[in-house]
Amino acid sequence: MAAKSGSPDEKNRTGLRTMKAKKDLPPAGALEACRLLVENMPDGVALIQDGKIRHANEALAAMLGCTPEEAVGLEFIKLLVPGDKKAASDLKRMIAGTVQAPQNFECRLMRIPGRSVVSVHVSVKPGSYQGKHALTATIKDISSLKSVLSALSDSRNALLTVLDSIDATVYVADLKTHEILFANRVMKDVFGPDLEGQICYMVFRGKSGPCPHCSNDRLVDARGRPTGAYTWEGFNPIAKRWYMNYDRAIPWVTGQLVRLQVATDITERKKAETAVLENEERYRNLFEDSRDAIVVTDGEGFFLDLNRAALDLFGYSEEEMRSKNFREFYADPDAASRFQRDIDEKGSLRDYEVKLVTKEGTEMDCLLSVTAKRASDGSILRYQGIIRDITEHKRMQGALLESERRYKELSITDDLTGLYNVRHFYSQIKFEADRANRYHRPLSLLMMDLDNFKDYNDRYGHLEGDKALAAWGAVLRNNTRRTDSAYRYGGEEFTLILPETPAKNALVIAERLRMKLKTHVLSPVEGEKAQVTVSIGISEYAPGEEIAEFIKRADKGLYKAKEQGKDQTCSL
C-alpha cells in the first residue's frame, strides 16, 4: 500500500534519496553537471520569472542574435512576433500562474534588434526559482523544417496543377489490390470527388471483381518488371463514354508498382466512325465536320478524297494534296514500309502511331486508324482512314512523366537501409557547415566503408549482402544521437554528420559504431555465422573550409584506415 505524502515512511524515503544523491554527487558537482547539460544543449533553454528571462543558454542567445548576458532581463513575450496572439496569450497565463500544466506551441521570435524572425517550437513547464513562481522554456529552431515542408508543398502543388490541367482522365491504382491512389480533376468530374481509397473496378465499372479486360497482367513481365506502355480503347458503362487508354506500370512513392492510366475521351470519334458505316448520307457531314483528318486514297496511296481537317493538318491546298502520295508524308521512309506491311497483313489498323510531316517540315505525332477496302479478287481498291494529331497530348504526357520523375527525386530516404540518401547528404552537409561557420560550433564527419564487402556478396549472394547493408543501417540508426544524421553514400559506403562534435568526440562515436558492427552476428547461411567490419575516416570542419575539401579529408582518413589493415578508425 502506497505511503501518504508527508507520512514518516515517505519522509524516510525522501531523506534516503537525498542522502544517496549527496553521496553520489556533491551539490557543487551536481550544479556544474546541470549547467554543462543546459549550456551544451542544441536547443535554446530559458528560465523566465516575472515575464523576464533570468537565464539563457548559448543556443537561445544564438537564436536571438545576442549573448546570454544580453538576453537576461528581456521580456520574453515582447520577443514574440505581434501576430502570434495565441502563443502570447498562453504564455501570459503561465507567467501569471493561472495555468499549471506544461504547454507546447509554435511561434516566431524576433531576432535582436528585430529585423528578422526565427520559427520555433516552445515547451514551457511551470516551477519555482528562489522560492518564487518561474517557468522553464525549451526553444527549438524549426525554421529549416518549415522551409523544407514549404518547398515540398510547393512542388506537390505544381505537380497537381499540371495533372489537373491535362484534358484527360488520369488515375493511379495499386497493381495488386486495385486501390485508387490518385485521380486528377477530370477523373473526379466524371466519376465523383472521393475516389482515393476506393477499388477501381467497383467505381469505374460497377463490378464486384477485376474487369475481364484489366491490363495489369500486360504491364509487367513474368519477373514483375514493367513492360512499357499498353494502349487500348474501351467503352465505360458508368460514364457512357469511349476512351483511348494509355496504361503503364510505374514505381509509386511508397515503393510498390502501380498502374498509371492516362485516358482521352474518344467518344466523338467512335460516333463518327459508326455513323460513316451506318449511313452514307450522313457520312459527308461528319466527314467535313470532323476535328480529325479523314482521307481516302487509291490502292497506290494517291488521294481520292480528304476533309478540311486534313488540309489544315498538313497545310496544303486540296489541289496540292491530290497530286501527292500519302507515303510522302512519313517522317521516316522505313515507317511507311512497316505500315504498308502491317495493313496488307491485317486489313485494318487502329491507333497506329507514326510521325508525319507538314508542308512546313514540322513533324507531328499522329494516330492512324485505317481500313483497306478490297475487290472480290483481293486487290486493294482504296484505303480510308482517320488521322489524329496527338503531338500536344504526347507533350503533356511527357510533361506528366517528367513531373513524376521530379516528384520522385524529392524522396530523401534510401529504401534498403532506411538511412538518408546521398542527395540529401549534400544538402544537409552544406546546411551544417553554414551553421558551424555562423555560430562557431564544432562539426565532424565520418566516412565509413564496409570491409571486403564484395567478397561477402560473392560468397553469400546479393540478397544476403542487402541484408548486411540493412543491418549496418540499423546499427547507425539505433546508436546515434538525435542531432546526428546518417546517410548511404553509395554502395557499401556511408557517412555520418555529427553537429556540435569535435574530432576527439567523433573518434569515440566512430569506435563505438565500429565495435557494434563487429560484434553483430549475421547468419547468411543456415548454421553459419558471419561478421562484417567497417573502416572509418574522420574529419573535423575547419571554419570557412570548402565542403568538398571537408568531405575529401574524411575520405582520405577512410583510405588510410583501409591501408593500415581495415576494421579501424583514422582521423585527419
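Predicted model: local features only at pLDDT ≥ 70, side-chain atom pairs only at ≥ 80, totals over all residues.
**Briefing: charges, rings and cavities**

**Salt bridges**

- Glu 320 has a partner: its side chain meets that of Lys 359 in a salt bridge, with 3.3 Å from N to O. The two come from distant parts of the chain, 39 residues apart, with Glu 320 in helix α14 (residues 318–322) and Lys 359 in the loop between β13 (348–357) and β14 (363–374). Lys 359 is partly exposed too, at 41% relative accessibility.
- Arg 441 and Glu 500 form another salt bridge, at 2.8 Å from N to O. Arg 441 has a relative accessible area of 33%, which makes it partly exposed, and Glu 500 is partly exposed at 24%.
- Buried or exposed: what about the pair Arg 514 and Asp 567? Both are buried. Their side chains meet in a salt bridge of 3.0 Å, N to O. Arg 514 belongs to helix α20 and Asp 567 to the loop between α21 (547–563) and β22 (569–571), so the bridge ties together parts 53 residues apart in sequence.
- There's also a network here: Glu 233, Arg 269, Lys 270, Arg 350 and Asp 351 are joined by salt bridges that share partners.

**Aromatic rings**

- Tyr 330 and Phe 339 make a tilted pair, with 6.2 Å between the centres and 45 degrees between the planes. These two are buried as well.
- Both pairs belong to one aromatic cluster, made up of Phe 303, Phe 314, Tyr 316, Phe 326, Phe 329, Tyr 330, Phe 339 and Tyr 352.
- Lys 270, a member of the salt-bridge network, also lies over the face of Trp 242, 4.3 Å from the ring centre.

**Cavities**

- How much space lies in the largest cavity? About 280 Å³. Its lining has 24 residues, and the ones nearest its centre are Tyr 171, Phe 204, Arg 205, Trp 232 and Gln 261. The elements giving two or more residues to that lining are β6 (169–174), α8 (185–191), α9 (200–205), β8 (230–236), β9 (241–251) and β10 (257–265). By class, the lining of the largest cavity is 13 nonpolar, eight polar and three charged residues.
- The second largest cavity has about 40 Å³ of space. Glu 432, Arg 435, Ala 436, Arg 441, Pro 442, Leu 443, Pro 499 and Glu 500 line it. That list includes Arg 441 and Glu 500, the salt-bridge partners from above. Helix α17 gives the largest share of the lining of the second largest cavity, three residues. The lining divides into four nonpolar and four charged residues, with no polar ones.

Methods. Residues numbered from 1 in each chain as written. Heavy atoms only, no water. Salt bridge = Lys/Arg side-chain N within 4 Å of Asp/Glu carboxyl O. Helix = DSSP H or I, 4+ residues; strand = E, 2+ residues; numbered from the N terminus. Buried < 20%, exposed > 50% of the residue type's maximum accessible area, 1.4 Å probe, protein only. Phe/Tyr/Trp six-rings, centres within 6.5 Å; stacked < 30°, edge-to-face > 60°. Lys NZ or Arg CZ within 6 Å of the ring centre and 35° of its normal. 1 Å grid on protein atoms, 1.4 Å probe; cavity = no way out; pocket = protein on both sides within 12 Å on 5 of 7 lines; lining within 4 Å. Points joined across faces, edges and corners; volume = space filled by probe spheres on them. Nonpolar A, V, L, I, M, F, W, Y, C, P; charged D, E, K, R; others polar.
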